[in-house]
Amino acid sequence: MLSQRSNLNHRLAEKMPHKLVRNYRAQSLRDIVQFRPAVGVLIQAYRASLRDQSDYTNNAYRHAWDCFTKLYELSKQDVFRSDLSSGLRQRDFGKLMVATNAQPERFLTQEEKVSRIEAIHEHMRVLGFDVDEFAWCQLAIASGWLSTRSSSLAFLERLERAGVRSTYGTYWAILDQLMQGLRRSPGGTHSNATTPADVVFFLEHMKDAGISPDVKIYTFVYQSLNETGHGGFALKILKLMRQEGVQPSVVTYTSIVESCIRSGNLDQVHHVLKEMSHVGIPRDARFLTAFLKVCVKAADIPRAEELLLNAQAEWSHRTDKSESDRMAIKCMYSFIIAAHAKQKNMERAWDWYQHMRKYDIDVDVIALTPLIVGFVHDGQLERAKKLYEELKTIGAPDLRAHSEMLVAYLKMGEMEEANAILQTLADGDLPMGATVLAQLLQFHISRDAEEAAMTFLSTHQSKYSAEELRTVFLNVVTHLVSLGKTESISTWFKRFYPDATDADVSSSILKWYEETKNAEAGLDFFTAVSPSVLTEDGTIAFVRLHRSEDFDLPPIDSLPVRSSRVHAAYLAVLCFRGRAEQAVDLLSTYALDLDLHGYAELATELRQLGMFENARAIEEHARNAGADVSILGNR
């Protein structure tokens, strides 16, 4: 009988209707005794839904929120409030707030997130829990209070007024949100855009508040600045870190190596190795993986193989083999196999594949796909077919494996197998995102099968949003430029954007490159096509592609279109490159025609760079030009 009652309580807690909870009123001690176990189970069900961050999926979150709302209704009754206060813990609320903020916009809007976190705060107060610094930070994240320097400072003042002390966690949240803003708009020039200077400002603010940034914060900032294309500021962070006497960790050094790989500065890696040896920091599996990538990129395959053999020997003798080390070793094998396959040294690639199996390293799609591709390109179609069949038994082949085997089956005349792959792609069994679709089209184009590529895109374009199709199209254009097939770009546009003019075509492509922060590819396109005509928007995009000092900014009088908006963009780029004085001189020398919007953009840029005297000079220019400058100071 007791067992049956326990099961009944469990089912009641899991599937307890909101109406029952909202309308339930304990009439007697017996009612309380019978209902109270279900409350405990409901708490456990709520806690289980958010056991760890891997469970912050939408379904788990919905279940957790459903349990929370039931608990919230019960907390309004005095008789159950003590049970909830003793049964719940502070971190139970924290996990739900984190999960709320983690939900994608398509599931929860910003307003819904704010409303839910405010409800959690109210529940905490009702049950006697403190709305602490962490809870305030989660509300700030949901509200967007930490997206700019000014709003972050206002949040710190709000915490102080609420009697909550800012700690390390507060500044971590601020820096994290500022970095996310930097990723969303790494070259933004509008007044609310996050800049690297904002990040450095809060590192200094943190120290002024008596909180010393540690190696974890410095490394995070360094990584983020590098990832958003601000390598110069990232190096300043390293210098600041050393000045403060903070010793870089192996994670920091790994980040330095990875940034060297991205920038192509491979010689710097050897200096990193010397410094690590000098300070006595051991090189873990992740660092060795990054260093192996350097060797592969530098075509020093023997050095990469030596690294792998040493790492394998050390790893095989360890008793405390971690999952991260195992994954790192597997990645190192995959890099070596892919490097040999790329150099068409298939027998050597096969030897490393056998070596991988000898040491019982799990073989997956990352290791097998380069082998399949290499054997197809080498004409060893039967060996590719055998590996492809093996890959299907251990996991789903990726798009590249499917695409290469499609070519192989067509060459072998095995139409049934080829049709099976096409059917797999058509049915959507393979999760083909926009980037993957672009890769498939690139494979067709590389094999001079552009018509087949266009037909495939026409067939499947209804499955993608307009933004995703833009991504696909930009990848196709980039690939055509890299192959020297610039004359084909107009054909693609006429097929999918029939109303576009030549100026529209060139301008649209440049705008896409500018929006995706792919300056090098955009300028390569401009050089290859040499468009004589651009729209105003296309000219602005062309100018903004020159934000980096790596590219020579053309003279202003050589631009295809001259207008107030173009001039404002040009002067803003000069400011972005640290040449604000030249921007001010240009205004005087060329008597550029700027409207109020142009003056405002430029003045704002100068203020963000701390060049207040130059900003005032811009305002004076605007005043002399007869513009109403009263709003400039408020931007």
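Helices are DSSP runs of H or I spanning at least four residues, numbered from the N terminus.

Figure 1. The structure shown is a predicted model. The protein contains 34 helices and zero strands. Of its 635 residues, 47% are buried. Among contacts in the protein with a separation of 6 or more, 64% join residues 24 or more positions apart. Arg-184 belongs to helix α10, which covers residues 168-184. With a relative accessibility of 59%, Arg-184 counts as exposed, since exposed residues are those over 50%. The C-alpha atoms of Arg-184 and Thr-516 lie 10.0 Å apart, although 332 residues separate the two in sequence.

**Figure 2. Nonpolar cores.** The largest nonpolar core comprises 68 residues. Within this core, Phe-93 and Val-221 have the most contacts. When neighbours within four places in sequence are set aside, the contacts of Val-221 are Leu-175, Met-179, Val-199, Leu-203 and Ile-237. Another core, of 62 residues, lies apart from the largest one. Leu-510, Tyr-513, Leu-523 and Phe-525 are among the residues of this other core.

**Figure 3. Contact of helix α18 with helix α20.** Helix α18 (residues 323-342) and helix α20 (residues 365-377) have axes that come within 9 Å and cross at roughly 10 degrees. The two helices are therefore roughly parallel to each other, the limit for this class being under 35 degrees. Helix α18 contributes Ser-334, Ile-337, Ala-338 and Ala-341 to the contact, and helix α20 contributes Ile-366, Ala-367, Pro-370 and Leu-371. Seven of the residues in the contact of α18 with α20 are nonpolar, one is polar and none is charged.

**Figure 4. Contact of helix α4 with helix α5.** The axes of helix α4 (residues 58-75) and helix α5 (residues 78-87) come within 7 Å, crossing at roughly 130 degrees. Helices α4 and α5 are therefore oblique to each other. On the α4 side the contact involves Leu-71, Leu-74 and Ser-75, and on the α5 side Phe-80, Arg-81 and Leu-84. The residues of the contact of α4 with α5 comprise four nonpolar, one polar and one charged.

**Figure 5. The aromatic pair Trp-350 and Tyr-353.** A search of the whole structure identifies 15 aromatic pairs. Trp-350 counts as partly exposed, at 24% relative accessibility, whereas Tyr-353 is buried, its relative accessible area being 1%.

**Figure 6. The aromatic pair Phe-526 and Phe-542.** The ring centres of Phe-526 and Phe-542 are 4.2 Å apart and the planes stand at 25 degrees, so the pair is stacked. This pair links distant parts of the chain, 16 residues apart: Phe-526 lies in helix α29 (residues 519-529) and Phe-542 in helix α30 (residues 536-544). Phe-526 and Phe-542 are both buried.

**Figure 7. A cluster of aromatic rings.** Phe-473, Trp-492, Phe-493 and Phe-496 are linked into a cluster by ring pairs.

Note on methods: Residues are numbered from 1 along each chain as its sequence is written. This is a predicted model: local features need pLDDT of at least 70, side-chain atom pairs count only at pLDDT 80 or more; totals for chains, interfaces and linings use all residues. Side-chain values use heavy atoms; hydrogens and water are left out. A nonpolar core is a set of buried Ala, Val, Leu, Ile, Met, Phe, Trp, Tyr and Cys residues joined through side-chain atoms within 4.5 Å. Buried means under 20% relative accessible area, exposed over 50%, partly exposed in between (1.4 Å probe, protein chains only). Contact means heavy atoms within 4.5 Å. Axes are lines fitted to C-alpha atoms, for helices over the stretch in contact, and angles run from 0 to 180 degrees between N-to-C directions. Angles under 35 degrees count as roughly parallel, over 145 as roughly antiparallel, 65 to 115 as roughly perpendicular and the rest as oblique. Ala, Val, Leu, Ile, Met, Phe, Trp, Tyr, Cys and Pro count as nonpolar, Asp, Glu, Lys and Arg as charged, and the others, Gly among them, as polar. Rings of Phe, Tyr and Trp (its six-membered ring) pair if their centres lie within 6.5 Å; planes under 30 degrees apart count as stacked, over 60 as edge-to-face and the rest as tilted.
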